[in-house]
Amino acid sequence: MLMDSRLRSVHADTVGSDPEQQRLVEHLLGSMGPEGLDDILDGACTLIFMYMKWLREAHEAHDKDVIEYVVPTLVTTLRQMPISIPPETIPTMSGMVIAAAIGLSPTLWRQQYGDWKRTELTPVEATAFLLAEHINRMTDDPNFATRLITDALTQVEEKDAKAERG
């Protein structure tokens, strides 16, 4: 929901102009303990994994390498945001995206390097956002990335409901 909200605010050209929304996000994040923040990071990594899976399949359908076409654009964009994205976090974001592109869980990939650093939280969110925006531009549909995730969640819920019914 946070990602969808960010995407909508960018397209509505209202980034940073809604103090009420910012206050609600800060309240939500502030009310979560360390486990809640870990859950948000895991969720962002899951989004990155799912977006890269979709992008890999889309690129493979045209005999193209997703790493060759997505990672350089992502890195270039992240480098253009030095206030929000410290340059030293870009290799981690690149590694996480490449891991996802070859089918590895970004969360598990990251665990080998230790805990997340506070300076990496915004870059993780930005990476998920930029991948979603990339997908939306590719499909010429400003809601495609959100629907991609919503559809996946619906499928999981339907499978769970079937399993409960026996």
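Where is the place of Asp140? I looked and found Asp140 in the loop between H7 and helix H8 (144-165).

**Entry 1: ground rules**

I am working with a predicted model, in which local features need pLDDT of at least 70, side-chain atom pairs count only at pLDDT 80 or more, and totals for chains, interfaces and linings use all residues. I number residues from 1 along each chain as its sequence is written, and side-chain values use heavy atoms, with hydrogens and water left out.

**Entry 2: the whole chain**

I counted 8 helices and 0 strands in the protein chain. Helices (H or I, at least four residues) and strands (E, at least two) are DSSP runs, numbered from the N terminus. Along the sequence I read the pattern α-α-α-α-α-α-α-α.

I then checked burial. Buried means under 20% relative accessible area, exposed over 50%, and partly exposed in between (1.4 Å probe, protein chains only). Of the 166 residues of the protein chain, 36% count as buried.

Next I looked up contacts, meaning heavy atoms within 4.5 Å. Among contacts between residues at least 6 apart in sequence, 69% join residues at least 24 apart.

I went back to Asp140. Its phi is near 55°, a positive value in a residue other than glycine. Is Asp140 buried or exposed? Asp140 is exposed, with a relative accessible area of 72%.

Asp63 lies in the loop between helix H3 (34-60) and helix H4 (66-79). Phi of Asp63 is near 55°, a positive value in a residue that is not glycine. Asp63 counts as exposed, because its relative accessibility is 77%.

**Entry 3: helix H5**

H5 has 12 residues and reaches 16 Å from its first C-alpha to its last. That is close to the 16 Å expected at 1.5 Å a residue. The expected span is 1.5 Å times one less than the number of residues.

How many of the 12 residues of H5 are buried? I found 10 of the 12, so H5 is largely enclosed by the rest of the structure. Among the buried ones are Ile90, Thr92, Ser94, Gly95 and Ala99. H5 is followed by Gly103, whose phi is positive, near 95°.

**Entry 4: H5 against H7**

I looked at how helix H5 (residues 90-101) packs with helix H7 (residues 121-139). Their axes are 10 Å apart, at an angle of about 50°. That makes H5 oblique to H7. Axes are lines fitted to C-alpha atoms, for helices over the stretch in contact, and angles run from 0 to 180 degrees between N-to-C directions. Angles under 35 degrees count as roughly parallel, over 145 as roughly antiparallel, 65 to 115 as roughly perpendicular and the rest as oblique.

The crossing of H5 and H7 is right-handed. A crossing is right-handed if the near helix is turned clockwise from the far one by less than a right angle, and left-handed if anticlockwise.

Which residues meet? Met93, Met96 and Val97 in H5 meet Pro123, Val124, Thr127 and Leu131 in H7. These divide into 6 nonpolar, 1 polar and no charged. Ala, Val, Leu, Ile, Met, Phe, Trp, Tyr, Cys and Pro count as nonpolar, Asp, Glu, Lys and Arg as charged, and the others, Gly among them, as polar.

**Entry 5: H4 against H7**

I turned to H4. The axes of H4 and H7 come within 11 Å and cross at roughly 125°. That makes H4 oblique to H7. This crossing is right-handed. Val70, Leu74, Thr77 and Leu78 of H4 make the contact with Ala126, Thr127, Leu130, Leu131 and His134 of H7. I noted 6 nonpolar, 3 polar and no charged residues there.
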